[in-house]
Amino acid sequence: MEHSNTQTAVLLGVLALFIVFNVLRARRGKELFIRRIPGVDHIDEAIGRATEMGRPLLFSSGLGGLDIITLQALEIMSHVVRHAARLNTRVLVPVYGGDPPLFPVVEQVYREAYVAEGKPEAFNPDDVRFLSGDQFAYASGVMGLMHREKVAGTFLFGYFAAESLLLAETGQQVGAIQLAGTPQTDQIPFFVAACDYTIIGEEYWATSAYISREPVLLGSLVGQDWSKILIAIIILAGLVLALFYGPNNWFSLLWKI
Amino acid sequence: MEQKTLSQRVQAIDRKYLYLLLGVVMIAPLFYQEHFLPTFVSQEAVGIYEAVEAVPPDKVIVLAADYDVATMGENQPQLEAAIRHIMKSGKRFVILAQSQVGPELAEKGAETLAKELHKSYGVDWVNWGFLAGGVPMLKGLASNVRSEVKKDIHNKPLDEIPMMANVKDIHDVGLWLDFTGSGIWGMYVQFIYGPYKVPLGVGCTAVIGPQLFPYLDSGQLVGQLFGMRGAAEYEELNHHFGRGDRAMPSISFAHLLIIVLIILGNAGYFVARRRGGGAR
Amino acid sequence: MKNPNPYPHFQGHHLIFPAIIKNPQALWLMIGASLAFCVLIFFLLQLLPGRSRRWLIIGCTFLAGCFYSMEFFLPVHQLEPGKMGNFLTPWVEPLGFFVMSMGGFAIGLGVVNLAAYHAKAIAGRKQGWENSVVFFLALIAMIVIGIWNVHVGRIAQQIKDPGVLKAFEHHTKTVTDGYELLFNGMLQPLGATMFSVLAFFIVSAAYRAFRIRTLEAALMSATAFLVLLSMVPLGMAITSSINVHSGYAGLRLENLGRWILVVINMSTVRAINFGVAVGGLAMSLRVWLSLERGAYFDQKV
């Protein structure tokens, strides 16, 4: 769909309204509930384990460029690096080179995490490493890094393709505790099989809200839930009408692109 | 050191032996060249076959070879099976790609088949080569082919190629087949099928196959070739024992091996649990 | 004959900048205006106090996002035969090129980072420094041979005399062979090898992970077995005795596997995709409206 039609504009407008309304509600002090996300709870456990073992952590933001998937991964990375900096644990961040502007952004986020913890002198630029713009060259670079540095924990958050299992299984081989999260539905099974904790689908977007408990982010989550309820109602309505009036009823045709 | 019981050892087989087993199980059947396993053709493969059959003689079929050497194992046999069908039906096709290596790999396949089926470059097929530019390129190609493609992969101007005389824009395309291991097919759903309703089929790697089912269900895709099995199915429809068919025994035994190993691991786990100890 | 269109790349994109194709000076004017705007923003960022700086960034972010939103939502009309759009549509592609060009400035940064790291490793004789030497050899070899190969190709295109062309190609064969060796002979097969390693990793992951500890795990394993067998002829042969036209045809493994993928799996994937899409919409809205909170977004400017 290159341009919006009326139905799409109305639906997107309503979804956006739900999200913005709840963000404003949260800003005004409304208490909002978020359920437990088990995978995210273990981030601190993984960092603690690495600290005890005296081995570094590894954070990979996958193959994404400077898009919202990677921005979300960088928010999680910032949290991990800040916590690790507090405990004087190194975090290795190999960067994929498919989108050139990504590398300076990752380096800046990494540096800012150390500054926020009051340890700017502990920032080691060699820990943020550009590897390659080729998918499998990047994967083999990360695998080599895991083996050489004997990482105690790996965080795989972002956009991943076929190399997801390569990275996750290598982490298993070196005995690292592994947390992964991606919105890619086709890579989730690989992460579930090879990682200790996996964050699936929409939980990926909820992670930053869960970690920070920022009212704005929690409000946005509630707005997303309202949006999904609306979509479910539309689907159910379409289903019921299709059962009684056939698949070419006015409601189904309304949503036809 | 405590001696491991059989159940503990079965749960923790060293991965070296697993990899060796897999290697043997996959390589051994390749030496046996007979077609000893039946191939059951899926609706999705039939969809592509029928779509090729339905292309009118005055239109061309676009084969988008959007794969590289990494996924060549699955996509190349699919492409070759499709080319064989197209050539045997007397239809004409165009190769293009948004991957740099795709056009060369596809051209090699086409040339080999052309020798066997007595077809000629420039009359029965053309290779437009690697086309960069993504969405703007596709839009330009759809409105006017020559705005995006001046010369073919052999550096020959399009206007000097006999087949290109009647190929001007998207309305001269009767079917668009994409062979890929990435998500690039989504671009064709949006910018080729969406505005122009050109029938679209995808030959994909098995990993991304399930992603395409919603599009098959909605009618946006006419069919799908699902990994190596898709290639074998298409070869079955072509009545030709090709690379896809040759690989099916290896893949079959590999799947069987995975099932056996899972059962073995769980058997060890249950025995150890019953004894009240043992490894995870 | 002089090419009447100095911008052949824009030949087909005649929706875009029609004035510029007729009047190249307009292009230079636009480049100058863009540069002046960027310089102005840069100086404002330096001169303004912190709070105002933040509002400037919020404003620029909002305007940038506004363009694509408005282009998508504004009503469309026919711009030319077969092309629908609004007054913003002709600007989409040039803006895309602008963004790509901006990204191009960062291309060298990664190589500099790599080179610095490996140079330090060699200088400090760190463990594995020999691999850093190999890195530099490979980098230099690929750059030199790659650029030389392109250059050789361009020269060859301009040689019209077949005799001279043959001699030239014979002379430069080493370069083109070297390029073939490095790119098609080494880089591509290495990529294919890494992809092939996946098969082995799948086996070890499945063997290790599929332990039936709960009812859900048992259901998942049973489903996995069914789908695994339904994907291959060996599995399909198990139920091949069931007639395809009988009422029990649904029990044939390939049909059962297809039902699991197309009915259960597809609906679940769709549901997850809805959630992911809504989450993506929310994140995009937060970034666009500068409501995003997180280490990178609420830094002092």
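In the predicted model described here, the centres of domain 1 and domain 2 of chain A, taken over C-alpha atoms, are separated by 33 Å. Domain 1 of chain A comprises 6–33 + 215–254, and domain 2 covers 38–211, the bounds coming from an automatic or database domain assignment. Residues are numbered from 1 along each chain as its sequence is written, while chains are lettered from A and ligands numbered from 1 in the order in which they are written. As this is a predicted model, local features need pLDDT of at least 70 and side-chain atom pairs count only at pLDDT 80 or more, whereas totals for chains, interfaces and linings use all residues.

Between chain C and chain A, 47 residues of chain C are in contact with 55 residues of chain A, two residues being in contact if their C-beta atoms, placed from the backbone, lie within 7 Å. On the side of chain C that touches chain A, two or more residues each are given by α3 (50–73), α4 (92–104), α5 (107–123), α8 (173–209) and α11 (253–288) of chain C; helices (H or I, at least four residues) and strands (E, at least two) are DSSP runs, numbered from the N terminus. The greatest share of this side comes from α11(C), with 16 residues. Its residues divide by class into 31 nonpolar, 14 polar and 2 charged, where Ala, Val, Leu, Ile, Met, Phe, Trp, Tyr, Cys and Pro count as nonpolar, Asp, Glu, Lys and Arg as charged, and the others, Gly among them, as polar. Between chain A and chain B, 4 residues of chain A are in contact with 6 residues of chain B, and the chain A side of this contact has 3 nonpolar, no polar and 1 charged residues.

Chains B and C also meet through helices, as α11 (residues 243–275) of chain B packs with α8(C) at an angle of about 30°, their axes being 8 Å apart; axes are lines fitted to C-alpha atoms, for helices over the stretch in contact, and angles run from 0 to 180 degrees between N-to-C directions. The angle makes α11(B) roughly parallel to α8(C), since angles under 35 degrees count as roughly parallel, over 145 as roughly antiparallel, 65 to 115 as roughly perpendicular and the rest as oblique. In this contact, Ile258(B), Leu261(B), Ile262(B) and Gly265(B) of α11(B) meet Val203(C), Ala206(C) and Tyr207(C) of α8(C).

Within chain C, the axes of α6 (residues 129–158) and α8(C) come within 9 Å and cross at roughly 130°, which makes α6(C) oblique to α8(C). The residues of α6(C) that take part in this contact include Trp148(C) and Asn149(C), and those of α8(C) include Thr176(C) and Tyr179(C). By class, the contact has 8 nonpolar, 4 polar and no charged residues.

In chain B, 6 strands form an open sheet with parallel pairing, in the order β3-β2-β1-β4-β5-β6, and two strands pair if DSSP finds at least two bridges between them. The edge strands β3 (125–130) and β6 (223–226) of chain B each pair on one side only, and the twist from one strand to the next averages 15°. Strand β5 (residues 200–204) of chain B pairs with β6(B) in the parallel sense over 4 bridges, and the bridge partner of Val202(B) in β6(B) is Gln224(B). Helix α5 (residues 102–117) of chain B lies across β1 (60–66), β2 (92–97) and β3 of chain B, running at about 150° to β2(B).
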